[in-house]
Amino acid sequence: MAHHRNHSGPITHTRQPPSISSGRAPNGSAPQPTHPQSPVENKDPHVGIDFTARPVPSVPPPAAHIPSEEEFFVNEGHQKRISHEYLKNHFFNEGRVSEEQALYILEQATNVLSREPNMVSVKSPVTICGDIHGQYYDLMKMFEVGGSLKESTYLFLGDYVDRGDFGIECLLYLYSLKIANPKSILLLRGNHECRHLTEYFTFKKECLHKYSENVYEACVRSFCALPIAALVDGKFFCVHGGLSPQLMTLKDLENLNRHQEPGSHGLLCDLLWSDPISNFGSETEPQPKGLGLDRGTTFTHNATRGCSWFYTYEAVCQFLERNGLLTVIRGHEAQDAGYTMYRKTPKRNFPSVITIFSAPNYLDVYHNRGAILKYANKNITIRQYNSSSHPYWLPNFMDAFTWSLPFVGLKITEMLLAILSTCTQEELAESDSEEETVGTDDLAARRQLIKSKIMAVGRMQKVFQLLREESENATELEAGSPTTSTRGLDALGVQGNRLNRSIRTFDDARRVDLANERLPDFDPNRPAIFPVPSMRLTSRRGSEGMDMEDLIKRTLDEDTEEGSAVEVLADKIARGRNMTGHARR
């Protein structure tokens with residue numbers, strides 16, 4: 001069994017910052033002398049600047065056009081097929097297809113997938129790929145490393161969407177390959193191919209931003225058509241998650257209804273969610289946190305996922321022996337090297353479980369490598385690769401205008417309060433003798449009305465401060481508390497970017513991402529202005545159990561602190577002083 005490493009560099013689609021001029025002429029010669037311009041010529045420094053040009057010419061603009069019918073289809077004899085070659089480059093350049101074209105791909109793929117059995121049979125040579133998670137540019141690198149479809153069949157173990165920003169591109173491209181090459185591209189279902197997780201994480205929001213709800217619903221229908229397992233050469237059992245107490249023999253898969261939303265328990269759930277136990281192969285030995293498992297234990301509750309099971313070395317060995325299999329090949333878990341081979345079986349001396357993960361530098365923070373497994377001529381080869389550069393998206397697919405609105409609102413309320421607050425401490429300490437000229441009832445009513453308006457501005461200031469923190473701190477990763485920005489109070493930042501710079505190792509990334517490994521518990525039907533919890537600052541809702549809508553309502557309802565600057569300002573203006581501090585006449 002050979003283990004080869006591929007050290008290919010990143011993809012050529014690099015978004016590089018503009019280079020800084022060194023004062024040299026383009027050809028490397030010394031700069032040519034320039035003649036001083038007259039004051040008239042220097043009057044307008046913007047003369048001659050093309051404001052329609054891209055500020056960074058080295059970054060190509062996104063493809064803005066929708067493919068025509070001639071581009072979307074290619075003729076093969078008397079039939080037309082989807083041009084996946086065109087879509088590959090079009091998506092690479094950030095292009096989109098029309099809603100009708102996207103729906104066509106999804107419906108055709110659903111029809112093809114629906115005709116496949118729950119467990120598909122695969123013959124070598126085969127290339128087995130793990131989780132993709134919306135990393136389209138790394139998917140392109142993976143195909144470069146893995147070779148063409150003519151060389152081997154490609155088997156994907158699921159999790160094509162969520163977490164990354166290009167899930168719909170990954171899905172549409174793989175589906176277009178599947179439609180054109182139904183026997184050469186085999187796609188299994190992962191735990192993220194369901195409504196529950198795609199609503200909780202990023203994929204639904206991505207579909208709504210780039211296409212429509214119709215496209216998202218068509219994606220969900222296609223998920224239910226995906227097969228759930230594969231058998232390679234009759235001896236490699238391939239699945240996204242792993243084993244189940246309900247899976248005794250492979251025949252148990254035949255009667256399983258996969259055309260449904262997975263539940264939180266049962267065989268379908270286990271195939272998508274289960275994991276090998278953390279101390280796989282030494283479960284019975286004492287552990288740092290307690291005693292080992294009793295001998296003969298095969299399954300134990302999966303507390304990390306909040307559902308399904310951990311399976312032990314003994315459970316895997318028994319399953320392989322009962323079904324005459326060699327190993328279990330699965331995805332579902334990020335791996336530092338892109339793969340892990342677990343303890344070998346006693347009889348065949350072959351790894352009992354192999355985990356493959358094909359999303360390098362997962363979430364842009366894990367610093368891991370991606371890997372694929374190639375099996376041909378009775379040899380297994382692991383090929384690894386590094387991550388590729390990709391276009392940047394703000395959290396939750398926000399545009400810069402929407403993202404910056406809370407910052408602008410905060411500054412506007414600060415300016416309003418600053419305009420109103422024009423008196424000194426001495427003026428605030430003046431006597432209120434002018435109150436004697438105004439009726440007590442009228443004075444009280446006027447004070448309350450003006451004070452209420454100013455206090456409302458103060459509450460709105462707090463709301464915009466909350467919204468600004470939410471925009472800046474939106475991230476799926478739990479860092480314990482917001483990372484302090486060094487950019488200053490009047491500079492916008494992205495918490496995710498600051499976290500990326502603070503995470504140094506694979507273990508650091510696993511630690512801050514641990515909460516997102518669980519089956520989420522949320523109400524998708526609750527009307528929400530803001531993203532679902534995974535894309536919020538999790539520490540904010542952890543202690544109080546409040547989401548952003550609750551916090552805003554509480555801020556608007558609560559009274560301003562007694563003696564605060566807004567309170568003093570409201571009292572001062574309500575008493576009738578003008579901007580110089582003297583009583584109005």
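Strand 4 (residues 126–129) and strand 5 (residues 153–156) run parallel and are joined by four bridges. Strands here are DSSP runs of E with at least two residues, helices are DSSP runs of H or I with at least four residues, and both are numbered from the N terminus. Two strands count as paired if DSSP finds at least two bridges between them. Within this pair, V126 stands opposite T153 in strand 5.

The model is predicted: local features need pLDDT of at least 70, side-chain atom pairs count only at pLDDT 80 or more, and totals for chains, interfaces and linings use all residues. Residues are numbered from 1 along each chain as its sequence is written, and side-chain values use heavy atoms, with hydrogens and water left out.

**Sheets and hairpin**

Axes are lines fitted to C-alpha atoms, for helices over the stretch in contact, and angles run from 0 to 180 degrees between N-to-C directions.

A further open sheet has three strands in the order 9-11-10, again with mixed pairing. Its edge strands are strand 9 (275–276) and strand 10 (299–301), each of which pairs on one side only. Strand 9 pairs with strand 11 (residues 309–311) in the parallel sense over two bridges, and D275 stands opposite F310 in strand 11.

Strand 1 (residues 73–76) and strand 2 (residues 79–82) run antiparallel and are joined by four bridges. F73 stands opposite I82 in strand 2, and E76 stands opposite Q79 in strand 2. The two strands form a hairpin with two residues between them, and G77 in the turn has a positive phi of about 70 degrees.

**Loop geometry**

Where is P125? The residue lies in the loop between strand 3 (119–122) and strand 4. A cis peptide bond joins S124 and P125, with omega about 5 degrees. In the loop between strand 5 and helix 5, D159 has a phi near 60 degrees, a positive value in a residue other than glycine.

**Helix packing**

| Helix pair | Axes come within | Crossing angle, roughly |
|---|---|---|
| helix 5 and helix 7 | 9 Å | 85 degrees |

Handedness is left if the near helix is turned anticlockwise from the far one by less than a right angle, and right if clockwise. Helix 7 passes helix 8 in a right-handed crossing, and helix 5 passes helix 8 in a left-handed one.

Contact means heavy atoms within 4.5 Å. Residues are classed as nonpolar (Ala, Val, Leu, Ile, Met, Phe, Trp, Tyr, Cys and Pro), charged (Asp, Glu, Lys and Arg) or polar (the others, Gly among them). F203, K204, C207 and L208 in helix 7 meet E213, Y216, C219 and F223 in helix 8. By class, this contact has six nonpolar, no polar and two charged residues.

I168, L171 and Y175 in helix 5 meet V215, C219, S222 and F223 in helix 8. The residues of this contact are six nonpolar, one polar and no charged.

Which residues does helix 5 bring to helix 7? G167, I168, E169 and L171 in helix 5 meet F203, E206, C207 and K210 in helix 7. Here the division is four nonpolar, one polar and three charged.

**Annotated segment**

In an unreviewed UniProt entry, the annotation "domain: Serine/threonine specific protein phosphatases" covers residues 188–193. UniProt positions are given in the numbering used here, feature names are shortened, and annotations may be inferred rather than shown by experiment. In the model, the end C-alpha atoms of residues 188–193 lie 10 Å apart, and the span is 0% helix and 0% strand.
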